[in-house]
Amino acid sequence: MKALWHGYIESSLILKITVALILGIAVGLLFGKDAAVLAPFGDLLIRLLKFLIVPLVLFTLIVGVNQTNLSSLGRMGGKVFIYYVATSALAIITGIAVSSIFDPGTGMTLNTNEEFKTPENPGVTSVLLNIVPENIIKAFSELNLLGIIFTAIAFGMAISALRSSQEYKQLGESVYNVVSGLNEATMNIMKVIIHYIPVGVFAIVAEVVGNQGVDTLLSLGNMVLVLYAALIVQIGFYIIFMLLAKINLNDFFREARTPMITAFVTQSSSGTLPITLQAAKNMNLSKSLYGFSLPLGATINMDGAAIRIAVSAVFAANIIGDPLSFTDILQVVLIGTLASVGTAGVPGAGIIMIATVFAQLGLPMEAVGLLTAIDVLVGMGCTGLNVTGDLVGTSIINKSEKKNSQGNEG
């Protein structure tokens, strides 16, 4: 048993996750809904990852702020925001283009008796106000990532000011050392949790495959295939961007594949955040950059969800036999991009975004109810792309920051 345990520990994480995926699919197909008995093991993985979100984001960002100056932080923040908005718009255009070629939903009929009540869209203003938490403890307990980011930056700047002052320099250094130590302690906990990831992945995949089966894929398979085709095209754009930035693709995907697969299985960008931050650290990216960009991206950068909006809109329009006009397409791009930010961090965000766009275009809400049947299958791919986009953007901006610093030195 001891030799077996050591063999498991020493095996590469990606190998263990790949085996877990294959075994999970096999068990799910073999046992069907009975595979739900494994659900607690999957729930435990998600709980462990969420358990680390607050300390990881808080301590990583505080340490990161203290390793850079305010002008650099502001410049990086501007680049991150522009990247997230631009790639969200690109994702919607990609989704429309791919779905317009394959026309998902053509020939299908809609059950107009089916009612579906969509959650209320909180709107962009509410999300922006939510950046400043009324109560820090409440922001932590609700995993309000925007609020946690604001708190970390505020305290990080305050500690930096203490370290720069003559009167409180020693006190500032002491506080910084404590936070830095807590950050390293959190990373050590992360190393232990990583060993459990394959077990959780196996349980989640087995449960999902057991519950979904092949019936759902057969009934709405065209929609699922078109969406995944659009996701692959978007990844192609990421690869082009990284090649232009002269980023080594082998090095990137060697580290990025673990958070990509974890996000795919867990369907949670925020839940995958500890793994994503670890990957950025392994890539030797700037801590002050990834400590800010990745938590923000997990909240507002939803390229996968943007593609989902576009494909769903074309799907619904084809069902009612009224294909989208050019004006409709422009509305999808504009409203979809804004909706992907306006529903940040809200449970069921994908459904809210789709409903928002459908309401604006006059598409039937019954189609939203139909799309919930494949919510899990679609959500897995979209979440995987969301996390991939966050890491791609962070890597590209990190490269540009290095060039900027070298230019200043020159």
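**Labels and their grounds**

Analyst: The largest cavity in this predicted model has a volume of about 40 Å³. The count comes to two cavities of 30 Å³ or more.

User: What makes a residue part of the lining of the largest cavity, and which residues line it?

Analyst: A lining residue has an atom within 4 Å of a cavity point. M223, R308, S312, I354, L371, I374, D375 and V378 line the largest cavity. Helices α15 (303–319) and α19 (375–409) each supply at least two of the lining residues. By class, the lining has five nonpolar, one polar and two charged residues.

User: Why does Q267 count as partly exposed?

Analyst: Q267 is at 29% relative accessibility, so Q267 counts as partly exposed. Q267 sits in the loop between α12 and α13. Q267 is not a glycine, yet has a positive phi of about 60 degrees.

User: How do you know that α13 and α14 meet?

Analyst: Contact means heavy atoms within 4.5 Å. L273, T276, L277, A280 and K281 in α13 meet Y290, L294, P295 and A298 in α14. These contact residues divide into seven nonpolar, one polar and one charged. The two axes come within 10 Å and cross at roughly 145 degrees. The crossing is right-handed.

Methods
Residues numbered from 1 in each chain as written. Predicted model: local features only at pLDDT ≥ 70, side-chain atom pairs only at ≥ 80, totals over all residues. Heavy atoms only, no water. 1 Å grid on protein atoms, 1.4 Å probe; cavity = no way out; pocket = protein on both sides within 12 Å on 5 of 7 lines; lining within 4 Å. Points joined across faces, edges and corners; volume = space filled by probe spheres on them. Helix = DSSP H or I, 4+ residues; strand = E, 2+ residues; numbered from the N terminus. Nonpolar A, V, L, I, M, F, W, Y, C, P; charged D, E, K, R; others polar. Axes fitted to C-alpha atoms, helices over the stretch in contact; angles between N-to-C directions. Left-handed = near helix turned anticlockwise from the far one by under 90°. Buried < 20%, exposed > 50% of the residue type's maximum accessible area, 1.4 Å probe, protein only.
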